[in-house]
Amino acid sequence: MTAARAGPAYFDALQAAFAWDVPPVSRDIHPDDGMLLPVPEGPDHYFEVGRSALRAVTAALLAAGAPAPRRILDLPCGYGRVLRTLRAAFPDAAVTACDLNRCGVEFCAALGATPADSADPIDRAGIAGPFDLIWCGSLLTHLDRPGWDEFLTFFHRVLAPGGVCVVTTHGAHIAGLVRADPRRFRLGDARRLLRGYDRHGFGFAAYQRGRRYGLSLARPGWVLDRVRALPGARLVFAVEQFWDHAQDVVGWQRPGS
């Protein structure tokens with residue numbers, strides 16, 4: 001399976017397959033939530049990002065032939081930009097919110113989630129699972145290769161048999177933004193990022209020299225190879241620029257039923 005671009009017809013078909021109406025979500029946004037971006041759409045864009053994530057999750061679940069999840073992990077949950085939509089779409093599911101930002105986790109608990117502190121490395125967080133659905137929006141996008149290995153292995157381990165994990169990555173779209181303006185993301189070495197991406201299919205540059213977090217770019221083939229290396233992983237979904245028309249989305253299923 002290779003990544004593809006999703007056209008309007010695909011979104012229409014997906015919406016038709018999305019058989020339930022999502023109840024209204026909480027409009028309460030934490031004052032420290034940095035995801036409330038100054039865009040022309042204002043707060044409406046914030047909530048559309050949550051709906052976009054739900055479309056990705058729904059598509060992956062449908063492709064996997066998986067039922068509605070009963071146990072969900074949102075990592076990193078932030079201040080619940082996506083979590084609130086997952087809670088509304090799957091009201092009978094137990095949702096675990098995990099993030100290094102304790103304030104964000106507490107805010108998600110107020111939205112009805114079970115709080116879980118993250119840790120570095122993630123195995124120290126004590127999150128046992130198993131989960132029927134894992135949503136990981138914009139985490140791998142900020143990690144170098146060791147971080148990818150750490151979290152992909154962790155997610156696969158805490159998936160329930162038959163469970164589905166959905167992750168987002170930066171691909172050609174974000175690479176184009178970096179090329180157009182190397183200073184856009186305030187990276188320490190944007191040239192190194194693009195060089196790795198162009199030559200090897202993966203590139204990373206830290207925001208500050210010596211720090212773990214930065215910006216990663218990954219070609220679809222490079223990402224899919226990492227997913228296929230997980231024991232028994234069944235690739236079920238891979239589409240470029242699917243989340244908020246910006247990030248690529250990949251989903252896989254753990255073997256079992």
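## Salt bridges within and between elements

Arg102 counts as partly exposed because its relative accessibility is 37%, where partly exposed lies between buried (under 20% relative accessible area) and exposed (over 50%), computed with a 1.4 Å probe and protein chains only. Arg102 forms a salt bridge with Glu106, the closest N and O atoms being 3.3 Å apart; a salt bridge is taken here as a side-chain nitrogen of Lys or Arg within 4 Å of a carboxyl oxygen of Asp or Glu. Both residues belong to helix H4, four residues apart, or about one turn of the helix, and Glu106 is likewise partly exposed, at 44% relative accessibility. Helices (H or I, at least four residues) and strands (E, at least two) are DSSP runs numbered from the N terminus.

This is a predicted model, in which local features need pLDDT of at least 70 and side-chain atom pairs count only at pLDDT 80 or more, while totals for chains, interfaces and linings use all residues. Residues are numbered from 1 along each chain as its sequence is written, and side-chain values use heavy atoms, with hydrogens and water left out.

By the salt-bridge rule the count comes to 12. In one of them, the side chains of Asp132 and Arg71 meet at 2.6 Å, N to O; Asp132 lies in strand S5 and Arg71 in strand S2 (residues 71-74), so the pair ties together parts that are 61 residues apart in sequence. Asp132 is buried, with a relative accessible area of 15%, whereas Arg71, at 28%, is partly exposed.

## The largest pocket

The largest pocket holds about 1300 Å³ of space, a volume being the space filled by probe spheres set on grid points that are joined across faces, edges and corners. Of the 47 residues that line this pocket, the closest to its centre are Met35, Arg81, Gly137, Ser138 and His142. A pocket is an open set of points on a 1 Å grid over the protein atoms alone, where a 1.4 Å probe fits, with protein on both sides within 12 Å along at least five of seven lines, and lining residues have an atom within 4 Å of a point.

Helix H6 (172-180) is among the elements that each supply at least two lining residues, and H6 gives the largest share, three residues.

## A buried leucine

Leu140 is found in the loop between strand S5 (131-136) and H5, and is buried, with a relative accessible area of 0%. Leu140 and Leu215 are 75 residues apart in sequence and 8.7 Å apart in space, C-alpha to C-alpha.
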